[in-house]
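Welcome, and thanks for taking a look at this one with me.

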Amino acid sequence: MTVEIDEYRPGDEARMAEIAPRAFGRFARHGIDYTLPRDRVESYYRNEVLDFARRMERQPDDLAAFVARRDGEPVGYIVVGIDQGRSELFQMRWGILRSLAVDPDLHHQGIGTKLIQRAMQWFREKRCECVDVGTDQNNIAAIRAYEAAGFRIIYCGMVLSQKLEY
Ligand SMILES: CC(C)(COP(=O)(O)OP(=O)(O)OC[C@H]1O[C@@H](n2cnc3c(N)ncnc32)[C@H](O)[C@@H]1OP(=O)(O)O)[C@@H](O)C(=O)NCCC(=O)NCCS
């Protein structure tokens, strides 16, 4: 299987928005909360991709995406950006790896690793001095891939939630 990584092109977001809910369905705040209706959870991850696509059009210098393609069709993507607020505050270019997803049918074949490598090239081209990525503590594949690319865990937070009854 040959998979090529290249730049996001407008129109890719349709396929990316199909991959996102399938990839994230088992992870992250909404994916693991089975009190939430599944169709809304799927919409959440689909909309996140569509929102990235809109923001890339408006802020092409600060937000970018790279796409893994098999026979030209997107099978994974990574979204990268600059955190302007923190860059100004801390007087250094602060990069954020905003999203990463691979078609679940193609996991464990090195596609995620290739996407992260391409993202790191972008951060270096932008002269970032620091790059953050957040993930979940049970997301073993993501943690392994990020650590292999040089990231180290520096902080673990948690989300507490309660349902209010009336
Ligand atoms: C995280 C993700 C992008 C990795 O993509 P991938 O193409 O499977 O990654 P790779 O094949 O390059 O493998 C990366 C590492 O994860 C490991 N890995 C992949 N799938 C795994 C699995 N199901 N269980 C455990 N480890 C796994 C690989 O062994 C590799 O680690 P190693 O180099 O130490 O062996 C993919 O699992 C995914 O889309 N997950 C859902 C969305 C997500 O969690 N995104 C990241 C959120 S921050």
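1. What percentage of the 166 residues of the protein chain count as buried? The share is 30%, where buried asks for 20 or more other C-beta atoms, placed from the backbone, within 10 Å of a residue's own. Please keep in mind that this is a predicted model, in which local features need pLDDT of at least 70, side-chain atom pairs count only at pLDDT 80 or more, and totals for chains, interfaces and linings use all residues. Residues are numbered from 1 along each chain as its sequence is written.

2. Next, the fold. The protein chain has 6 helices and 5 strands, in the order β-α-α-α-β-β-α-β-α-β-α; these are DSSP runs, with at least four residues for helices (H or I) and at least two for strands (E), numbered from the N terminus.

3. The largest nonpolar core has 39 residues, and Ala20, Ala65, Tyr77 and Ile78 touch the most other members. Such a core is a set of buried Ala, Val, Leu, Ile, Met, Phe, Trp, Tyr and Cys residues joined through C-beta atoms within 7 Å. Elements that each supply at least two of its residues include α1 (12-24), β3 (73-82) and α6 (140-148).

4. Now the ligand. Of the 21 residues around the ligand, His107, Gly112, Thr113, Ala141 and Arg144 come nearest; a residue is near if its C-beta atom, placed from the backbone, lies within 6 Å. The largest share of this shell, 6 residues, comes from α6.

Conventions: Buried ≥ 20, exposed ≤ 12 C-beta atoms within 10 Å, placed from the backbone.
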